[in-house]
Amino acid sequence: MLTRAQKAEIVAELAGEFKEAGAVVVCDYKGMTVEALEAVRNNAREQECKVRVVKNKLAQLAIKEAGCEALELTDTNIFIWGETQVLPCKIADKAASDNKDHFSIKTGLIEGQVASLETINAMAKLPTRDELLGMLLNVWNAPVQNFTIGLDALAKKLEEEA
């Protein structure tokens, strides 16, 4: 059992985290195995996001203290959050598809505002910043590649004629 001081510490810590978070996704994990839950945690850690099971009352206090819109929390909840808006949604979406019967996205906060399941799913489909940068580099690279291929073909043609 947690003491009042420990609870206050958890609320303060989470409030600080939630205030800085681009997105906080609330999911149901009832019936999940420890291994499956650990896989979700590891995936989040790799993406520099955080995962934590928190009592509903403490989470509601932390959300309120962070200045976010209030969430209706019931049953067992696991929270996934990070600095970006897209990554926590992607992690939750992957966990939901990997563990269809035991993991589901309930609700969440994006920039402190309550987000619907549809919004979270839409965010999960968006490319991350790194993926966007990769796409942009490919677009910039294509003309240089084509020019190089053209020069190479011209050089071979001139060699053959000579």
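The largest pocket of this predicted model holds about 220 Å³ of space. A pocket here is an open set of points on a 1 Å grid over the protein atoms alone, where a 1.4 Å probe fits, with protein on both sides within 12 Å along at least five of seven lines. Volume is the space filled by probe spheres set on the points.

Twelve names make up its lining: Glu17, Glu20, Ala21, Gln47, Glu48, Cys49, Lys50, Trp81, Gly82, Glu83, Thr84 and Leu87. Each has an atom within 4 Å of a point. Helices (H or I, at least four residues) and strands (E, at least two) are DSSP runs, numbered from the N terminus. By class, the lining has four nonpolar, three polar and five charged residues.

Now the second largest pocket. Its volume is about 180 Å³. Gln47, Thr84, Gln85, Val86, Leu87, Thr128, Arg129 and Asp130 line it. Here α4 (86–98) and α6 (129–161) each give two or more residues.

Next, the cysteines. The structure holds zero disulfides (pairs of cysteine sulfur atoms within 2.5 Å).

Residues are numbered from 1 along each chain as its sequence is written. Local features need pLDDT of at least 70, side-chain atom pairs count only at pLDDT 80 or more, totals for chains, interfaces and linings use all residues, and side-chain values use heavy atoms, without hydrogens and water.

Methods:
Nonpolar A, V, L, I, M, F, W, Y, C, P; charged D, E, K, R; others polar.
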